[in-house]
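Subject: Structure handover

Hello,

Here is the structure I said I would pass on. Please look through it first; my notes on what was found follow below.

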Amino acid sequence: MDERDAYANLVLPPLLRKAREKEGPEKFDARDAALATELVYGTLRRQGTYDAVIAACVDRPLREVDPPVLDVLSLGVHQLLGTRIPTHAAVSASVELARVVLGDGRAKFVNAVLRKVAQHDLDAWLERVAPPYDEDPEDHLAVVHSHPRWVVSALWDSLGGGRNGIEDLLEADNERPEVTLVARPGRVTAGELLDALGEESAAPGRWSPYAVRLSEGGEPGAVDAVRENRAGVQDEGSQLVALALANAPLDGPDRAWLDGCAGPGGKAALLAGLAAQRGAVLLASEKQPHRAGLVAKALDGNPGPYQVIAADGTRPPWRPGSFDRVLMDVPCTGLGALRRRPEARWRRRPEDLDGFAPLQRSLLRTALDSVRVGGVVGYATCSPHLAETRAVVGDVLKQYGPAAELIDARPLLEGVPALGDGPDVQLWPHLHGTDAMYLALIRRIA
């Protein structure tokens with residue numbers, strides 16, 4: 001995954017499917033697949049912690065350890081410190097993997113390092129490798145909870161508060177998220193999904209009336225409604241963002257909706273179903289043609305009219321003031337979805353914020369230009385970083401002056417607690433069980 005710059009949630013499932021389809025001793029069963037998934041995701045989530053432990057057990061800087069060797073070591077350390085796999089089994093399996101993939105010499109090195117690691121449990125290692133909280137709070141949290149220091153700092157700034165809140169958030173980032181389905185309006189209801197799945201396999205969503213949570217180990221691909229495109233996989237935070245925009249009060253007609261950054265199509269499919277129920281039409285626009293194809297697939301079967309186009313949202317082909325509601329879920333660092341893409345925390349850099357900033361501001365300006373007077377724009381990110389949320393909204397609203405104003409989004413997330421001082425909304429994994437989605441609702445008033 002490192003070599004191909006791919007994410008585990010995209011690469012691992014097809015590899016596991018192939019392994020389960022094989023015949024003979026290489027064939028995976030459900031337990032094999034579950035173990036492989038735990039090893040991959042657990043190692044990625046705890047990479048920062050494990051790097052600190054490995055660094056204490058080798059006689060050279062980690063940058064001088066060959067990446068394939070470090071990968072095998074990390075897998076072995078996770079088995080030793082993060083699972084119940086017996087020590088002898090964890091060490092022998094890792095050494096055998098190194099021997100097959102890397103050769104006898106490197107296998108001996110892996111064996112020596114892992115035997116040092118096995119001398120202590122995780123808590124004891126954290127006492128040894130993490131600086132005391134009182135001396136360096138951010139570095140302590142970075143090592144203990146396996147996040148880069150700059151990410152810890154950014155999340156803490158956005159969250160505010162003391163030690164307990166940020167520790168709860170970082171711990172939530174390291175937990176395996178539930179799989180949540182969305183019942184697409186006009187195609188299936190949440191109740192019908194629950195009836196089909198049964199109470200042992202699924203439960204209602206916490207906040208969204210369209211959400212259904214699968215029990216641990218539930219496979220979305222085995223759900224008929226998902227295979228038939230009547231339902232999809234969608235985090236409840238994403239559902240809430242779409243619902244809040246759809247339910248925002250309007251002055252005047254409600255006929256034309258725009259999803260201006262629609263790929264891969266989850267929010268667009270939910271919006272299209274809601275629009276159809278009101279006699280409105282959704283235009284779903286996505287810059288990348290292959291992602292526009294994913295949007296079209298998600299919307300296929302929608303009960304009402306819609307259109308999908310491949311277009312650059314910063315140079316839109318539609319006329320200004322064409323829409324009553326506009327969603328702009330902008331490209332971002334993705335720091336709000338670290339539960340699902342744990343490796344993103346290691347790939348992102350602070351300088352990435354500078355790369356996204358002009359695009360985010362441009363897309364929000366497009367959204368405000370595209371909505372009619374009296375209409376509403378939803379600016380959303382899957383990042384809680386203040387530079388991608390309030391800073392963007394504040395800068396663009398300064399340019400618009402009295403022509404646009406923030407409206408309070410909190411009442412539109414009915415029943416959802418801990419939404420802050422408003423008028424914008426920041427969701428959190430540890431408070432809401434969702435990705436850390438941000439939403440600002442803006443009304444065009446001139």
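Strand β5, helix α14 and strand β6 form a right-handed β-α-β unit. Right-handed here means that, with the strands pointing away from the viewer, the path from the first strand over the helix to the second runs clockwise. Helices (H or I, at least four residues) and strands (E, at least two) are DSSP runs, numbered from the N terminus.

Before the rest, a word on the source. This is a predicted model, in which local features need pLDDT of at least 70 and side-chain atom pairs count only at pLDDT 80 or more, while totals for chains, interfaces and linings use all residues. Residues are numbered from 1 along each chain as its sequence is written, and side-chain values use heavy atoms, with hydrogens and water left out.

Back to β5. Its pairing with β6 (residues 281-286) is parallel, over four bridges, and Asp259 stands opposite Ala284 in β6. β5 also pairs with β8 in the parallel sense, over three bridges; there Trp257 stands opposite Arg325. Two strands count as paired if DSSP finds at least two bridges between them.

In a regular strand the side chains alternate between the two faces of the sheet. In β5 both faces are covered: Ala256 and Leu258 are buried on one side, Trp257 and Asp259 on the other. Buried means under 20% relative accessible area, exposed over 50%, and partly exposed in between (1.4 Å probe, protein chains only).

Next, the annotated site. An unreviewed UniProt entry gives a "binding site" that includes Pro264 and Asp312. UniProt positions are in the numbering used here, feature names are shortened, and annotations may be inferred rather than shown by experiment.

Pro264 lies in the loop between β5 (256-259) and α14 (266-277). Its relative accessible area is 47%, so Pro264 is partly exposed. Leaving aside neighbours within four places in sequence, Pro264 is in contact (heavy atoms within 4.5 Å) with Arg291, Leu294, Val295 and Ala298.

Asp312 sits in the loop between β7 (306-310) and β8 (323-329). Is Asp312 buried or exposed? Asp312 is buried, because its relative accessible area is 17%.

Last, the annotated domain. The unreviewed UniProt entry places "domain: SAM-dependent MTase RsmB/NOP-type" at residues 155-445. That span is 35% helix and 21% strand, and its end C-alpha atoms lie 33 Å apart.

Regards
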